[in-house]
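Work through the exercises below with the sequence and the model at hand. Each task is followed by a solution in steps.

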Amino acid sequence: MALLRGAVEALAGIGRIDAVSPVYESPPAGHVHQGPFLNLALRLTTALGPVRLLLWCKGLEFAAGRRPGIPLGPRPLDVDIVSLGALEIANGRVSVPHPRVAERPFMTAPLADIAPSEMLAGHDATLAEIDQRLGRVDLVRVAGPDAVWSGVLDR
């Protein structure tokens, strides 16, 4: 939980955090010989463009100890840019919305908690509808938003 808290606090340093979801635990995706994942979503308003934001996220991962290794293998922190509102990007560095978001309950559940009526670019359903379709099988809410963010939320 401390790594998540540190990442959220660091992201607050580059913008304004408008919403933070509860924290969920899920089984690992991909390489299964690792511990469970902790997942959350937040809404960040920032002046950084997509590539600079991605580089910032990768810097957070590196600072937390993430190093190149097994694809989808164990990692202490994974910070993804899942959506940028109506913006769709697919270049060699950034893919937004995240290409597998609508397949992963551990991504859609926290997103639906903070933005149920929003639609991901290129999708024809709201986050709540995607979340309902996928279900929350194997997800366990382990903490509220205050476990990772004690700052003021602009709503």
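This is a predicted model: local features need pLDDT of at least 70, side-chain atom pairs count only at pLDDT 80 or more; totals for chains, interfaces and linings use all residues.

**Exercise 1.** Which residues form a nonpolar surface patch with Val142?

Solution. The patch consists of Met1, Leu38, Val140 and Val142. Together these residues have about 290 Å² of accessible area.

**Exercise 2.** Find the aromatic pair, classify its geometry and locate its two rings.

Solution. The count comes to one aromatic pair. Its members are Phe37 and Phe106, with 6.0 Å centre to centre and 85° between the planes. Planes over 60 degrees apart count as edge-to-face, so this pair is edge-to-face. Phe37 sits in strand β3 (residues 37-39) and Phe106 in helix α3 (residues 105-114). The two are 69 residues apart, and the pair links distant parts of the chain. The cut-off for buried is under 20%; Phe37 has a relative accessible area of 12% and is therefore buried, and Phe106, at 15%, is buried too.

**Exercise 3.** Describe the surroundings of Ile130.

Solution. Start with helix α4 (residues 127-134), where Ile130 is found. With 2% relative accessibility, Ile130 counts as buried. Next, set aside the neighbours within four places in sequence: Ile130 is then in contact with Ala102, Thr108, Leu120, His123 and Ala125. Finally, take Ile14, 116 residues from Ile130 along the chain: their C-alpha atoms are separated by 29 Å.

Notes: Residues are numbered from 1 along each chain as its sequence is written. Side-chain values use heavy atoms; hydrogens and water are left out. Rings of Phe, Tyr and Trp (its six-membered ring) pair if their centres lie within 6.5 Å; planes under 30 degrees apart count as stacked, over 60 as edge-to-face and the rest as tilted. Helices (H or I, at least four residues) and strands (E, at least two) are DSSP runs, numbered from the N terminus. Buried means under 20% relative accessible area, exposed over 50%, partly exposed in between (1.4 Å probe, protein chains only). Contact means heavy atoms within 4.5 Å. Patches are made of residues with over 30% relative accessible area and no salt bridge: like charges are joined within 9 Å, nonpolar side chains (Val, Leu, Ile, Met, Phe, Trp, Tyr) within 5 Å. Accessible areas come from the Shrake-Rupley method with a 1.4 Å probe; for residues, only the protein chains shown count as cover. A salt bridge is a side-chain nitrogen of Lys or Arg within 4 Å of a carboxyl oxygen of Asp or Glu.
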